[in-house]
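Dear colleague,

I am handing over the structure below, together with a short account of what was found in it. Please read the notes with the coordinates open beside you.

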Amino acid sequence: MIAFLSRWASLPTFYRLAGRLLPWLWGLTAVLMGAGLIGALVLAPVDYQQGQAYRILFVHVPSAWMAMFVYMFMAGASAVGFIWHLKLAEILARVSAPLGAAFTGLALATGSLWGARMWNTWWVWDARLTSVLLLFFLYLGFMALQAAIEDRRRAARAGAVLALVGVVNIPIIHYSVEWWNTLHQGATVSKLSNPSMTWDMLWPLLTMALGFMAYFAAAVLVRARCEILERERHRRWVVEEAA
Amino acid sequence: MSSPLAAAWWGLLRRDLTLSARRLGELGNPVVFFAAVVSLFPLALGADTALLRQAGPGIVWVAALLATLLSLEGLFRADFEDGSLEQLLLSPHPTSVLISAKVLAHWLTTGVPLLVITPLLGVLLQLSPLAQAVLFAGLLLGTPTLSLLGSVAVALTLGLPRGGLLVSVLLLPLFAPVLVFGAGAVSSALLEMPVLPYFYMLGAELVLAVTLVPLATAAALRASLGS
Amino acid sequence: MRIAEFFAMGGYAPYVWGSYGLALTVLVYNAWIPVRRHRRLRLSIQAETRTASRHPVAPTHRISNENGA
């Protein structure tokens, strides 16, 4: 098992494989996003309660989903790197963090824009947005920790511990915030969390979500390749690849 | 019936407490900070009793968090600097168990003093006896959790420049649930709604922290010391 | 009329287009930066190799193969 992993996780193999996959992934991203955008902006019917503004959902919800997914990916990669001492896993964890933070920030910003018109307030302490805010801090903490430690090995292992502690906390955070939110329920009946969905609203949402996922795959691979080049730049295989 | 591990655990606890007792002045710092921060709020918010009563529990909780953050730095620093931390990791006893002794010592010297002056601060913030009681009980469950979570954060940032700031950033999201339930318990009590669920959650978090966090802290220390 | 309606988004134009524009900016930026960095890294590695071959020096730094040997 270790031998199998070590072979496939070898950096040159991954580098070349990623290089071959990338054009397909970018293409897939373009197709999915294109279809999703047309569905979201043109084809989906107008919501009878929220009018056209609800269309923000088609970027807000996929962003929030990706924010969660990327954290799981980051924690998983960290765990694999920690347990099996795999450099590739460490690299994947490290490079996915900024992407996760970007999705989280996007979810917050779009959520804020959505709330601004709907409830005339730029921020809403609704359960989901608050959880996402705390998730944002988790990402920033992870990135700050990695940035503060010079030695990459130590940084990866420390990051792994942090990511895993965070993972255990995420359901707790989510649950506590939901509870807190129902206690302090004000005007925030959350249309943000439960828009009524018909199929012609659902398919653009799913398509956009898949598009975001394909984008993440592509972006992670590019970043990982950069990281590999930086770390291994004096090795023969890198010199040959770069030529 | 004492095993070598139990003996080591007690020994470590006694050692840390003795070392803290020698620096009694330092123990006062988090307490004074706690009181000072809480006192600032009426100055900032105005002396309106109703407002202070409503905001008070939250203020106390946040101030307790800040005061603990101040004192966390010292949890491993002295041992790190004189090499005894490495000895701890090298010992045949499970590191996580030994760490729990250190964290307990930290709580006894930081959390407990904070608890002791909480009633006084409650008076400053015009809290009712019921609010005081629920606040105290919540902090009783929450401060050990805080010490535990803090130990991971400090272990991760051991020896780093401006580590203190980083600890705060790391700790904030991790501590948020405890804050929510602790302060929420008081709000709930004041609305004459059930308080027990909140204590169940605080208790559950404490149990989870006691069992899992020392393992994480041990792993973090190993990562930081490069063994 | 339909195109104008499309852009107006029922009066919510700044919010809707703001969100989509923000999303587009974030995604494009996060894709472009690493692609550019990759290109620059490759060029820099090529440059280093050319310099090294032009001025062969007693190896103080061995170029190792992929298994670190």
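In this predicted model, I would begin with a pair of helices in chain A: the axes of helix H2 (residues 11-43) of chain A and helix H7 (residues 199-231) of chain A come within 7 Å and cross at roughly 155°. Because angles over 145 degrees count as roughly antiparallel, that crossing makes H2(A) roughly antiparallel to H7(A). The crossing in which H2(A) passes H7(A) is left-handed, and the residues of the contact between H2(A) and H7(A) fall into 25 nonpolar, six polar and two charged.

Turning to the contact between the chains, 23 residues of chain A are in contact with 23 residues of chain B. On the side of chain A that touches chain B, the elements that give two or more residues are helix H5 (127-148) and helix H6 (152-183) of chain A, and it is H6(A) that supplies the largest share, with 14 residues. Sorted by class, that side of chain A consists of 18 nonpolar, three polar and two charged residues.

As for confidence, chain B has an average pLDDT of 90, and 99% of its residues score at least 70. Among the elements of chain B, the highest mean pLDDT, 95, belongs to helix H7 (residues 129-156) of chain B, while the lowest, 86, belongs to helix H4 (residues 74-82) of chain B.

With best wishes

Terms used. Residues numbered from 1 in each chain as written. Chains lettered and ligands numbered in written order. Predicted model: local features only at pLDDT ≥ 70, side-chain atom pairs only at ≥ 80, totals over all residues. Axes fitted to C-alpha atoms, helices over the stretch in contact; angles between N-to-C directions. Helix = DSSP H or I, 4+ residues; strand = E, 2+ residues; numbered from the N terminus. Parallel < 35°, antiparallel > 145°, perpendicular 65-115°, else oblique. Left-handed = near helix turned anticlockwise from the far one by under 90°. Nonpolar A, V, L, I, M, F, W, Y, C, P; charged D, E, K, R; others polar. pLDDT = per-residue confidence, 0-100. Contact = placed C-beta atoms within 7 Å.
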